[in-house]
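Here's a quick walk through one protein model, strand by strand and contact by contact. Have the sequence and the coordinates open as you read.

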Amino acid sequence: MTVLSKEPSGDAYFGWIEKDGNEGYVATSGGEIVHLEDVIEPGVSVHISACSYCTCKLGRLKCKSKADGKWTSPSDQCLQYSCNNGEEETLNLRDLCECKADEVQMISGTTDCCSCVQKSKAKMTACSLKRSTGPLVVYDENNELCTSPGNVTLTACSGFCDGIQSGSVSFLVGGEWTPAKQDTARTCHCCSGSGSWEVFEVRCGREQKNRRVKKEMYDSCTCDACKESTDESYDTPTYLPD
């Protein structure tokens, strides 16, 4: 199957075709991308989504839904996609992980979707800097999957920090319980990192659009006083203007 391409008037994305024999649910190379105003040969099928395709017949495109099925992301095996009556659905298999009451879930890479560790053993792992090698996998502001074209060195702060809460104290005053001035002895520490920002090249969505993203990379990890969790407190990559 081939596409007779002419220079499109715009860069409007339409879909992709299979040209390299690597059948999949997304374009596997930039040469498979089809733009509006490209000329399609009769009999060629254009995938307009992971769950639907159109075939050129008698000068028109006739579209159908693909058979229902499931597949996983090539960059994160814990992300499972499926076609349901022509609609694409996404499921993070980590969300299905159920640990026992005396266990905690450990997020470990892109292949182990459910790893449970006993709390008593997990607490023995102190906060420390972890390094790993693999593709950078993030989602952009449109919830499109973005991956780096090659492996990069990634950093993370992982482990447990000590905390204590001794309980409140109240005095009986005038028939009512009044909290003591020096109330609950409570300290909470979280495994936190410090470092610098680095810029990476990633390819996003089915169009495999080249973008730049900056991400904080850690040099060291310490147990710092916990802060109230906000959306800004997470290590979220920032996309740079095109």
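Two strands pair if DSSP finds at least two bridges between them, and the strands themselves are DSSP runs (E, at least two residues), numbered from the N terminus. Bear in mind that this is a predicted model, where local features need pLDDT of at least 70 and side-chain atom pairs count only at pLDDT 80 or more, while totals for chains, interfaces and linings use all residues. Residues are numbered from 1 along each chain as its sequence is written, and side-chain values use heavy atoms, with hydrogens and water left out.

**Strand 9 and its neighbours**

Let's start with strand 9, residues 79-84. It pairs with strand 10 (residues 87-92) in the antiparallel sense, over six bridges. In that pairing, Gln80 has Leu91 of strand 10 as its bridge partner. Strand 8 (residues 70-72) also runs antiparallel to strand 9, joined to it by three bridges; here Lys70 stands opposite Ser82.

Is strand 9 largely enclosed or left open? Five of its six residues are buried, so the rest of the structure largely encloses it. Buried here means under 20% relative accessible area, exposed means over 50%, and partly exposed is in between (1.4 Å probe, protein chains only).

Most residues other than glycine have a negative phi.

| Residue | Phi | Loop | Relative accessible area |
|---|---|---|---|
| Asn85 | about 55° | between strand 9 and strand 10 | 65% |

Asn85 belongs to the hairpin of strand 9 and strand 10, which has two residues between the strands.

**A positive patch**

Which residues make up the patch of positive charge on the surface? They are Lys57, Arg60, Lys62 and Lys64. A patch takes residues with over 30% relative accessible area and no salt bridge, and joins like charges within 9 Å. Strand 7 (residues 60-65) supplies the largest share, three residues. Lys57 sits in strand 6 (residues 52-57) and is partly exposed, at 43% relative accessible area.

**The salt bridge**

How many salt bridges does the structure hold? One, counting a side-chain nitrogen of Lys or Arg within 4 Å of a carboxyl oxygen of Asp or Glu. The partners are Arg211 and Asp140, whose closest N and O atoms are 3.6 Å apart. Arg211 is in strand 22 (residues 209-225) and Asp140 is in the loop between strand 14 (137-139) and strand 15 (145-147), so the pair ties together parts that are 71 residues apart in sequence. Arg211 counts as buried at 10% relative accessibility, and Asp140 is buried with a relative accessible area of 10%.

**Contacts across the sequence**

Two C-alpha pairs are worth a look in your viewer. Leu129, in strand 13 (residues 128-134), is partly exposed at 23% relative accessibility. Its C-alpha is separated by 9.5 Å from that of Ser192, which is 63 residues apart from Leu129 along the chain.

Ala156 is in strand 16 (residues 152-158) and counts as partly exposed, at 34% relative accessibility. Ala156 and Lys130 are 26 residues apart in sequence, with 5.2 Å between their C-alpha atoms.

Key
Helices (H or I, at least four residues) and strands (E, at least two) are DSSP runs, numbered from the N terminus. Patches are made of residues with over 30% relative accessible area and no salt bridge: like charges are joined within 9 Å, nonpolar side chains (Val, Leu, Ile, Met, Phe, Trp, Tyr) within 5 Å. Accessible areas come from the Shrake-Rupley method with a 1.4 Å probe; for residues, only the protein chains shown count as cover. Lys and Arg count as positive and Asp and Glu as negative; His and the chain ends are not counted. The place of a charge is taken as NZ of Lys, CZ of Arg, CG of Asp or CD of Glu.
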